[in-house]
Amino acid sequence: MRFSHYAIPRESLLNKRADVTPGGEYVTPFKVPRHRPLPIFLLSFSQDPSKRFGASLGTLSSGRVGITELCVTNLRLAVCIAIRYSAVRRQFGPTPDEELPVLEYQTQQWRLLPYVAAVYVISHFSRRLHGEFVNFMIASMMGDKSDRQAELGREIHAISSTSKPLSGFTARDGIQECREACGGHGYLAVNRLGVLRDDNDPNLTYEGDNHVLLQQTSNYLLSLLTDKMAGGVVSSPLGSVDILDSYQTVLRRRFSPPSTTSHLTHTDVLPVYEWLVCHLCVESHHRLEQELSRKKNGFIAREESQVFYSHTLSLVFLEYLVVRWFAEFVEGARQEGGGLYSVLCRLGNLYSVWCLHKHSAVLYEGGYFTSPGDAQLVKDSVLHFCRELKDEAVSLVDVIAPPDFILNSPIGHSSGQVP
């Protein structure tokens, strides 16, 4: 639809938080600095003195919250197809007369099972984030103008700005891995893995470029660290950033392998992630200060402190929150009893050590890992939990799979009868 020389009546304005006067002047209740080095959607929150701005930011999160769930859905369908096919596709074996299902091979487990765990863990995260967002919107519609509501808006905005990239990257890589792990049948159009890859691709773009969105989260975290360094207290309604309030104490920690097991669990991983968040936040702050000290303006300084610093900080922060929320969920399952705790615990363990493995270099650079065996322990833990979940894999995807006529993939049929 296109309009040419069409006057929009003023009563049609969506002017809850801003307005245009009859004289054509844009007015807003928020105090906006006159000389901003960045457009408003890239600014550090600390540059805007009005907390009410947070309430506006929170309402922008609906699309990103929804896309997070869409990405998980696409990945869920892909792992259902790949795991079911891997359980029935036989190739090679220890004797000429025996062929093993490819899921029995360590390589296939290492390629696919972390994405099964990712589906469960990120699904729980997306549902909880959706619930928090709905509560925020209800309070906004009921006229809540409290400081807590404004802070909650900022926090949800920061979380959703990285939940979309993290879920999008995970789904993109997971669907591709599923496609390749199914060989030529994975490429065959009728089996739908290529379709899922195409369907998921737009999730990496709309509602904001992912690499720009990551700056929203790092801006939020850096503003909180700046406030802390100035003598303030760091806290948030959902508690996602409270660890920064004790960042100096956290940064004095060093890795200590568990004494009772030969592998890491999600409870072992959480303190490591706390250190990573604090370390990367401080390093990002220092990098930004260095760039500013070179007489670069705010725009250039911020742009040149993203890669390996702020960009990584945002992803690590959200991985930490995803693991933490799932650990709380698993603990609730333990207290309720029943048979779910054990398998949920293994899913959380696998996802957490799999994510942590990507950050081994940072852990060594920052001095948290001090022994060559520390990174090896992480690798061994990934393989350990892959082996533990291998026999559960088909049941785990059967739980989350839609009916066959919706999955609509011959190699992913629930009967295991592959044509």
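**Contacts, burial and helix packing in a predicted model**

User: Leaving aside neighbours within four places in sequence, which residues is arginine 111 in contact with?

Analyst: Once those neighbours within four places are set aside, arginine 111 is in contact with Glu177, Glu180 and Ala181, where contact means heavy atoms within 4.5 Å. This is a predicted model, in which local features need pLDDT of at least 70 and side-chain atom pairs count only at pLDDT 80 or more, while totals for chains, interfaces and linings use all residues. Residues are numbered from 1 along each chain as its sequence is written, and side-chain values use heavy atoms, with hydrogens and water left out.

User: Why is arginine 111 called buried?

Analyst: Arginine 111, which has its place in helix α3, has a relative accessible area of 19%. Buried means under 20%, exposed over 50% and partly exposed in between, for a 1.4 Å probe and protein chains only, so arginine 111 is buried. Helices here (H or I, at least four residues) are DSSP runs, numbered from the N terminus, as are strands (E, at least two).

User: What makes methionine 141 and valine 307 exposed?

Analyst: Methionine 141, also placed in helix α3, has a relative accessible area of 62% and therefore counts as exposed. Valine 307 lies in helix α11, and its relative accessible area of 57% makes valine 307 exposed as well. As for distances, the C-alpha atoms of methionine 141 and glycine 231, which are 90 residues apart along the chain, are separated by 34 Å, whereas valine 307 and arginine 127, 180 residues apart in sequence, are 30 Å apart in space, C-alpha to C-alpha.

User: How do you know that arginine 84 forms a salt bridge with aspartate 404?

Analyst: The closest N and O atoms of arginine 84 and aspartate 404 are 3.8 Å apart. A salt bridge is a side-chain nitrogen of Lys or Arg within 4 Å of a carboxyl oxygen of Asp or Glu, so the pair qualifies. Arginine 84 in helix α2 (residues 62-88) and aspartate 404 in helix α16 (residues 404-407) stand 320 residues apart, and the pair thus links distant parts of the chain. The relative accessible area of arginine 84 is 8%, which means a buried residue, while aspartate 404, at 23%, counts as partly exposed. Arg84, Asp398 and Asp404 are linked in a network of salt bridges, and the structure holds 18 salt bridges.

User: What makes arginine 334 and glutamate 331 about one helical turn apart?

Analyst: They are three residues apart in helix α11 (residues 306-336), and this spacing separates them by about one helical turn. Arginine 334 has a relative accessibility of 42% and glutamate 331 one of 31%, so each counts as partly exposed.

User: Are arginine 154 and glutamate 151 buried or exposed?

Analyst: Arginine 154, with a relative accessible area of 13%, is buried, and glutamate 151, with 14%, is buried too. These residues form a salt bridge whose closest N and O atoms are 3.2 Å apart.

User: Why is α3 called roughly antiparallel to α4?

Analyst: Helix α3 (residues 106-141) and helix α4 (residues 147-181) pack at an angle of about 155 degrees, with their axes 9 Å apart. Axes are lines fitted to C-alpha atoms, for helices over the stretch in contact, and angles run from 0 to 180 degrees between N-to-C directions. Angles under 35 degrees count as roughly parallel, over 145 as roughly antiparallel, 65 to 115 as roughly perpendicular and the rest as oblique, so α3 is roughly antiparallel to α4.

User: What makes α3 roughly perpendicular to α11?

Analyst: The axes of α3 and α11 cross at roughly 90 degrees and come within 9 Å, and that angle makes α3 roughly perpendicular to α11. Among the residues in this contact are Tyr120 and Phe125 of α3 and Trp325 and Phe329 of α11. By class, the contact has eleven nonpolar, one polar and two charged residues, with Ala, Val, Leu, Ile, Met, Phe, Trp, Tyr, Cys and Pro counted as nonpolar, Asp, Glu, Lys and Arg as charged, and the others, Gly among them, as polar.
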